[in-house]
Amino acid sequence: MAPGQEYAHNRPMRPAAAPERDGEPVADRAPLSGPSGGRYVCPMHPDVVRDGPGTCPVCGMALEPVVAGAEEETPELAVMTRRLVASAVLTVPLLIVAMGGMAMRHALGPRLLAWTELALATPVVLWGGAPFFRRGWESIVRVHLNMFTLIAIGVGAAWGYSVVAASFRTHGGDVALYFESAAVITTLVLLGQVLELRARQRTGDAIRALLRLAPKTARVIRPDGREEDVPLAHVHPGDRLRARPGERIPVDGVVTDGHGAVDESLLTGEPMPVEKTAGAAVTGGTLNGTGSFVMRAERVGSATLLAQIVRMVSEAQRSRAPVQRLADVVASYFVPAVLVVAAVTFAVWGMWGPAPHLAHALVNAVAVLIIACPCALGLATPMSVMVAVGRGAAAGVLVRDAAALEVLERVDTLVVDKTGTLTEGRPELVSVTASGHLAEAELLRLAAGLERASEHPLATAIVSAARARAVEPAPVADVRAIPGKGVTGTVDGRRVALGNHALLDELRIDATGVAIRAEALRRDGHTVVVVAVDGQAEGLLAITDPVKPSTVEALAALRAEGIHVVMATGDARSTAEAVARRLGIDDVHAEVLPAEKAELVAVLAAEGRVVAMAGDGINDAPALARAHVGIAMGTGADVALESAGVTLVRGDLRGVVRARRLSRRAMRNIRQNLFFAFVYNALGIPLAAGVLYPVTGLTLSPMIASAAMSLSSVSVIANALRLRAVAL
């Protein structure tokens with residue numbers, strides 16, 4: 001193995017291998033067309049997951065699909081819309097009748113007027129508001145008081161009081177009725193629910209856009225040469241598929257024949273098409289612009305890269321940011337406190353308020369209950385997280401959970417690996433130096449044989465160079481990889497070691513004969529691999545990994561953000577310092593083993609720094625997991641992706657800048673929402689209780705309170721939706 005380098009897969013991010021049955025891979029071939037397995041989750045309480053639609057037992061909100069479907073309207077939205085339309089049709093004439101004053105009383109008489117209001121209001125309250133009463137009752141039974149507890153008590157009190165009062169009016173009494181208040185509150189709450197559901201639907205636009213990238217069918221080539229279009233769910237690994245010009249690639253696979261220019265902006269963000277010929281990998285959802293080719297399906301259904309991205313974004317949107325704990329603590333005390341305030345309001349107005357005492361007490365208590373619904377407070381954080389995660393996905397930044405999104409804002413130190421992070425991760429062998437005992441071709445034959453089984457980029461460079469020079473890799477036995485040091489094995493009966501000086505020291509091999517030449521190559525920025533045969537250093541392989549064109553720009557942007565960049569690499573110090581000089585990195589830690597990278601992260605964190613780690617290799621995983629935020633290059637190894645809180649699909653450090661900007665804007669948006677929700681309730685509850693009545697003689701109508709409550713939720717969601725347009 002190459003000196004100081006960690007093994008890493010140099011290919012695009014991919015899902016874990018499919019399970020096998022009788023030696024054959026078995027993939028989940030479910031198409032990307034809707035909810036994942038019919039599972040539903042609460043947008044405010046992601047730990048609440050059910051097998052079908054329903055309501056959250058904690059907050060009472062409608063559950064949403066775990067993975068947003070391609071459809072634009074949910075069943076919950078359709079139901080609420082029907083109830084809203086029917087309620088509005090009855091509420092408008094009810095308002096006309098109730099506001100008609102003395103003219104309406106003289107025209108209909110007290111008795112008929114009361115029955116007319118009752119007839120118009122009852123369907124609105126009992127049918128239109130049925131979901132609110134049901135959820136309110138469930139909240140009381142489960143002892144999870146929430147916004148629907150307040151709505152149900154408030155509307156129920158107004159309607160129930162009016163039903164009793166109507167009997168007095170029918171006998172000639174003149175007791176005030178509040179049927180119109182109960183109906184208007186119900187209608188306005190329904191309107192708020194519809195607006196909220198529509199706005200929440202828009203938070204899933206990013207996922208729906210991804211879902212639409214997957215074609216519905218694939219053109220399969222049968223063994224007899226016949227071609228036919230089949231549903232995507234019927235495609236199996238190993239099937240031969242035709243990709244025609246202007247069509248999207250149906251699944252992940254490999255080109256076997258023909259060529260095409262494929263738009264991979266889904267993965268890379270680059271608008272220029274990539275030429276694909278035999279042997280090239282293609283990804284489902286990308287667009288074949290020109291040319292026609294045949295491909296072999298390798299990963300289908302939920303095993304494709306596109307499905308994995310959809311799943312990751314969906315899970316991240318349902319995760320909870322640490323800042324949500326503040327809202328949770330407040331909400332846990334809020335509803336009981338509001339019930340107490342409403343009871344006190346009722347008692348104060350009932351004893352000391354103006355006549356009619358009971359009517360004023362009821363109106364103000366209901367206003368308190370309605371205006372204090374904590375929906376805006378509960379939605380403040382989840383809505384911003386959902387929109388921000390979706391915006392990040394569109395920019396090639398996949399956030400695994402909301403905690404990573406929150407911490408990114410405070411990151412002040414970034415530890416970066418070199419190979420595959422700062423550099424292309426596609427190294428090339430530039431020279432072979434033999435010491436004299438072996439010819440260069442023989443030296444390369446032994447090294448290529450030893451590295452043939454490895455997927456590391458440096459191993460690939462050695463094997464590719466051997467084949468390009470028509471050197472056949474030697475057969476090898478007893479191969480043993482030593483992370484961070486190299487690899488050993490038996491070739492043609494000889495013990496061969498390939499690696500850095502740490503490996504040679506461990507094997508007690510003297511490398512002084514090649515040391516001067518090796519150091520000169522390292523100072524030029526080359527990675528040097530020492531080849532030892534039967535305990536003797538026989539030569540050197542010099543490998544160059546070009547710096548990514550975007551790295552200089554990314555590092556400049558990170559410094560402008562106030563982030564201190566640290567390079568941590570297993571490569572030799574001379575090589576690492578040569579690359580660091582070109583990039584302007586002052587803090588370099590070279591020749592570090594994987595465990596030492598994790599220790600470096602821990603030391604920086606102990607100094608009080610908020611540390612992010614960016615890497616792509618298998619041996620970057622410990623450091624990625626130890627960092628406050630792990631950032632994986634999408635071109636890296638699966639284990640690195642699993643250890644990271646953020647994945648950069650394009651494998652480009654500029655994505656770190658985008659991720660940080662996204663974090664800062666998302667957290668600012670969350671703070672705005674929380675501030676608005678707290679201020680709204682802090683001002684609204686005293687007004688509804690009537691604190692201004694002694695000065696102004698005015699009280700807050702329950703109808704106005706219900707409109708304000710609905711608009712507060714919609715305004716919070718509308719503010720969150722602004723994140724969809726932020727520049728990253």
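**Exercise 1. Helices H11 and H24**

Is the crossing of H11 and H24 left-handed or right-handed? Work out as well how the two helices are oriented and which residues meet between them.

*Solution.* The model used here is predicted. For helix H11 (residues 375-394) and helix H24 (residues 702-721), the axes come within 8 Å and cross at roughly 20°. Because angles under 35 degrees count as roughly parallel, H11 is roughly parallel to H24. The crossing of H11 and H24 is right-handed, which settles the opening question.

Next, look at the residues themselves. On the H11 side, Cys375, Ala376, Leu379, Ala380, Met383, Ser384 and Val387 take part, and they meet Met709, Ser712, Ser713, Val716, Ile717, Ala720 and Leu721 of H24. Sorted by class, this contact of H11 with H24 has eleven nonpolar, three polar and no charged residues.

**Exercise 2. Helix H22 and its two partners**

*Solution.* H9 and helix H22 (residues 654-689) pack at an angle of about 10°, with their axes 10 Å apart. Leu326, Ala327, Val330, Phe334, Val338, Val341, Thr345 and Trp349 in H9 are in contact with Leu674, Phe678, Asn681, Ile685 and Ala689 in H22. By class, the contact of H9 with H22 has eleven nonpolar, two polar and no charged residues.

Now turn to H24. The axes of H22 and H24 come within 9 Å and cross at roughly 170°. From H22, the residues Asn669, Gln672, Asn673, Phe676 and Tyr680 meet Ala705, Ala708, Met709, Ser712, Ser715, Val716, Asn719 and Ala720 of H24. In this contact of H22 with H24 there are seven nonpolar, six polar and no charged residues.

**Exercise 3. Backbone geometry**

Find where the cis peptide bond between Ala355 and Pro356 lies, and state where Asp478 and Asp534, each with a positive phi, are placed.

*Solution.* As background, most residues other than glycine have a negative phi, and most peptide bonds are trans. The peptide bond joining Ala355 and Pro356 is cis, with omega at about -10°. Pro356 is found in the loop between helix H9 (324-352) and helix H10 (357-371).

Asp478 is not a glycine, yet its phi is positive, at about 55°. Asp478 belongs to strand S18 (residues 476-482), and its relative accessibility of 60% means that Asp478 counts as exposed. Asp534 likewise has a positive phi, of about 50°, although it is not a glycine. Asp534 sits in the loop between strand S21 (527-533) and strand S22 (536-544), where its relative accessible area of 46% makes Asp534 partly exposed.

**Exercise 4. Residues apart in sequence**

Which residues is Glu428 in contact with, leaving aside its neighbours within four places in sequence? Compare the sequence and spatial separations for Glu428 with Ala465 and for Ala303 with Asp252.

*Solution.* Once the neighbours within four places in sequence are set aside, Glu428 is in contact with Ala461, Ala542, Ile543 and Thr544. Computed from C-alpha to C-alpha, Glu428 and Ala465 are 7.6 Å apart in space, while 37 residues separate them in sequence.

Second, consider Ala303, placed in the loop between strand S14 (293-299) and helix H8 (305-318). Ala303 is buried, with a relative accessible area of 12%. Ala303 and Asp252 are 51 residues apart in sequence and 8.7 Å apart in space, C-alpha to C-alpha.

**Exercise 5. The chain as a whole**

How many helices and strands does the protein chain have, and what percentage of its residues are buried?

*Solution.* The protein chain has 24 helices and 27 strands. Of its 728 residues, 55% are buried. The chain exposes about 29400 Å², of which carbon and sulfur atoms supply 59%. Finally, among contacts between residues at least 6 apart in sequence, 71% join residues at least 24 apart.

Methods. Residues numbered from 1 in each chain as written. Predicted model: local features only at pLDDT ≥ 70, side-chain atom pairs only at ≥ 80, totals over all residues. Heavy atoms only, no water. Axes fitted to C-alpha atoms, helices over the stretch in contact; angles between N-to-C directions. Helix = DSSP H or I, 4+ residues; strand = E, 2+ residues; numbered from the N terminus. Parallel < 35°, antiparallel > 145°, perpendicular 65-115°, else oblique. Left-handed = near helix turned anticlockwise from the far one by under 90°. Contact = heavy atoms within 4.5 Å. Nonpolar A, V, L, I, M, F, W, Y, C, P; charged D, E, K, R; others polar. Buried < 20%, exposed > 50% of the residue type's maximum accessible area, 1.4 Å probe, protein only. Areas by Shrake-Rupley, 256 points an atom, 1.4 Å probe, with all protein chains shown as cover.
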